[in-house]
2 protein chains.
Amino acid sequence: MRKSILLSSSFIALLGAPAFAQDDELRSYAADMFKPVPATVPALNDNIVTPEKVDLGKALFFDPRMSASGVFSCNSCHNLATGGDDNMPTSIGHGWQQGPRNSPTVLNSVFNDAQFWDGRAADLAEQAKGPVQAGVEMANTPDNLLATLNSMPQYVDWFNAAFPDTDDPVTFDNFAKAIEAYEATLITPAPFDAWLNGDDGALTAEEKRGLDVFMEAGCASCHGGVNFGGNGYYPFGLVERPGADVLPENDKGRYQVTETASDQYVFRAAPLRNIALTAPYFHSGVVWDLETAVEIMATSQLGTDLAAQETKSIVAFLNTLTGEIPEVVYPVLPPETADTPRPTGEVLPN
Amino acid sequence: MRKSILLSSSFIALLGAPAFAQDDELRSYAADMFKPVPATVPALNDNIVTPEKVDLGKALFFDPRMSASGVFSCNSCHNLATGGDDNMPTSIGHGWQQGPRNSPTVLNSVFNDAQFWDGRAADLAEQAKGPVQAGVEMANTPDNLLATLNSMPQYVDWFNAAFPDTDDPVTFDNFAKAIEAYEATLITPAPFDAWLNGDDGALTAEEKRGLDVFMEAGCASCHGGVNFGGNGYYPFGLVERPGADVLPENDKGRYQVTETASDQYVFRAAPLRNIALTAPYFHSGVVWDLETAVEIMATSQLGTDLAAQETKSIVAFLNTLTGEIPEVVYPVLPPETADTPRPTGEVLPN
């Protein structure tokens, strides 16, 4: 493990002096572990991003009629007004049922290697198909969803514009691709990006100290890359297993996807961009305080008891990952027609 | 009742010819019954509309944390993406409970003389306090709501900016006033307004025929003014009582407010702006088709059986009341803090 730059004894003395050399050294280490968000929308697998597709995806993302009840849209649990999540331990869905895991933020989710806490969806298009059909979430069916879309001529026009040269563009795959295209635009450049891109003044001394501790303690081993996580799977409790409140015994994590014994209680490392906006924390959503969450991570994953000041510094650094959310003009959605399937709040037996 | 202008025998023959004289005559009658929406936000009772207040009101309108569960915002049932309502017979609220009456549109609601189907709130500020506290809707309490707002410094700043020169601006009254100020901006100028303001080409001949039939048949007696309704109370079934599906026996309407026998089954005349966007219809929300709704009104309120073509013309006219919704930039809301009351989906006994 490298030697801390900023925690060296000379650091405090240097606080009043120009810190350019130190910034350069810290930045050089950080650049090995993290990447700034790009200024352009990343290319998607088999899904060209066009303005028409993004506009369609935005409409679908905000349309509660994509759920059986008409109550829930994608935005209900991934609310762009509140950090791209819903600020609940686990989401409330169809029939007032409680979802099993904390809803992750949609912001910057395009930079995750896979989606969901257990990585069971390879990309955002695959992810988008999940909640729509989940009985405890939106409780819809692809058939009913397509009947809904086809009943509104404006939607059919929008699909035609988004997927030109296609005979029948209104498909469940294209529904998911349009949402993926929209979500790929939800990128939030943060003060940390400005600093990593060379702006020394974008972070305070305390925030830089936090970054230094974050790397020094080993957090970046799992929480690295563009998204400070979202690209690897690790057992929750690598060193010391947290209590059953934080790590409920009945949720075996990635094991439920792979059925491999070593994947028990394995989860995707949570991406940390905008983490200050997305309490409560962990897949169980039981921890509301970011300092507490950092402490739990330090003991359970790294076997480290952080000093109170170190925790505070890390949280100060994590706050620099809170980014600028792109301006969202709320969509005006097509009105229903006589052919639109009617909403139903009925809860069907499993 | 005046003689129809457009249904006179010469009208069809004149369709190809300049219709200026006819337009002027029709407009002169219409101007006695209807008013165009103003280009400016109307003055509110004891509530000066400022940009700061409108911005705060927008944040509150879209914030699901104003509900006990964190699921519902004002926008859930008065969705600006779908005509200002929720496209359900009656809304689904806290604990998946069903509301008693169809959710009316928030668009242009500032022009209603009173709010709710039974007019039990004098204005939008009073209205805003209702659903927040209703157990079947947002199930919150003023105390919990104020604790939520006070826990977020950004909200306190916004209240200070919206209500300057006030010692403690974060009050339930000011919460309601800010929402009222925002809602007062939700005005939707429509093709009918352009026509009433003098643009002959804003309506087609068929739409003008519909307007003529609408006035001729007597619809405008209850559905007049700026909002084509919203400013008077009438028994549903004035001439012929509709079936119990449309007029359920257990909902006695304004009688529940006034306890006056003559107010049994009396409701506020529904405002008709954007009616094409706000199916299903009536307080019971059971009729999805606008033509059917028009037919029911004609028989129950006017004792008239409209010819099929007359119904179609009226619907064509009603479509000209579909207006331009002001562009809404989706708000970015303040993040919770350690002091923010936690959401709860728990359903308390009454």
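The legends below describe close-up views of salt bridges and cavities in a predicted model. Residues are numbered from 1 along each chain as its sequence is written, and chains are lettered from A in the order in which they are written. Local features need pLDDT of at least 70 and side-chain atom pairs count only at pLDDT 80 or more, while totals for linings use all residues, and side-chain values use heavy atoms, with hydrogens and water left out.

**View 1. A salt bridge between A:Arg27 and A:Asp200.** The side chains of these two residues meet with N and O 2.6 Å apart, a salt bridge being a side-chain nitrogen of Lys or Arg within 4 Å of a carboxyl oxygen of Asp or Glu. The pair links distant parts of chain A, since A:Arg27 sits in helix α2 (residues 20-33) and A:Asp200 in the loop between α9 (191-196) and α10 (205-217), 173 residues apart. Helices are DSSP runs (H or I, at least four residues) and strands likewise (E, at least two), numbered from the N terminus. A:Arg27 counts as buried because its relative accessibility is 12%, and A:Asp200 is also buried, at 16%; buried means under 20% relative accessible area, exposed over 50%, and partly exposed in between (1.4 Å probe, protein chains only).

**View 2. A salt bridge between B:Glu291 and B:Lys312.** The closest N and O atoms of this pair are 3.5 Å apart. B:Glu291 is partly exposed, with 25% relative accessibility, and B:Lys312 is partly exposed at 44%.

**View 3. The largest cavity, with a volume of about 630 Å³.** A cavity is a set of points, on a 1 Å grid over the protein atoms alone, where a 1.4 Å probe fits but cannot get out, and its lining residues have an atom within 4 Å of a point. Among the 37 lining residues, those closest to the centre are A:His223, A:Ala270, A:Leu272, A:Phe282 and A:Met297. Helix α12 of chain A gives the largest share of the lining, 7 residues.

**View 4. The second largest cavity, of about 440 Å³.** Its lining has 36 residues, and nearest its centre lie A:Val71, A:Ser73, A:Ser76, B:Val71 and B:Ser76. Helix α4 (74-77) of chain A and α4 (74-77) of chain B each supply at least two residues of this lining.

Terms used
1 Å grid on protein atoms, 1.4 Å probe; cavity = no way out; pocket = protein on both sides within 12 Å on 5 of 7 lines; lining within 4 Å. Points joined across faces, edges and corners; volume = space filled by probe spheres on them.
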